[in-house]
Amino acid sequence: MKAALIEARKAFKKDEVPIGCVAVKDGKIIARGHNLRETQDDPTSHAEIVCIRRAAKKIGDWRLDNVILYVTIKPCKMCREAIKEARINKVFSGMAEGEEILKRFFKKLR
């Protein structure tokens, strides 16, 4: 989870929503990702999606059934579906209901 938090910090430094994700296989980190929606002008560039894409590329297969994801907050609906499609069976999130906290955080910034 510490590595996912480091990714979240990277997102924050880019003025992105501070969410990070890492993919682990056989006890080793094979991919990292953080939110890049603003940077890439891409609504699908959530930390989980970025990480899943990198993990699939790293192992050369879209089936990530032996991969564990660590995410700083509970994945959104889009990311949950991508996780299912990638056949990832285990996901650990650092914060169960991060969405409401993030909404309040960004509302204060405006």
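**Ground rules.** I number residues from 1 along each chain as its sequence is written, and I leave out hydrogens and water, since side-chain values use heavy atoms. In this predicted model local features need pLDDT of at least 70, side-chain atom pairs count only at pLDDT 80 or more, and totals for chains, interfaces and linings use all residues.

**Sheet.** I looked up the strands (DSSP runs of E, at least two residues, numbered from the N terminus). Four of them form an open, mixed sheet in the order β2-β1-β3-β4; a pair needs at least two DSSP bridges. From one strand to the next, the twist averages 20 degrees.

I then checked β3 (residues 67–71): four bridges join it to β4, and the two run parallel. Tyrosine 70 has phenylalanine 92 of β4 as its bridge partner.

**Helices.** I took helices as DSSP runs of H or I, at least four residues. Helix α3 (residues 47–59) packs on the sheet and touches β1, β2 and β3; contact means heavy atoms within 4.5 Å.

Next I compared α3 with α4 (residues 77–85). Their axes come within 9 Å and cross at roughly 20 degrees. Axes are lines fitted to C-alpha atoms, for helices over the stretch in contact, with angles from 0 to 180 degrees between N-to-C directions. The two helices are therefore roughly parallel, a term for angles under 35 degrees. Glu48, Ile49 and Ile52 of α3 meet Met78, Cys79, Ala82 and Ile83 of α4.

Definitions and conventions:
Angles under 35 degrees count as roughly parallel, over 145 as roughly antiparallel, 65 to 115 as roughly perpendicular and the rest as oblique.
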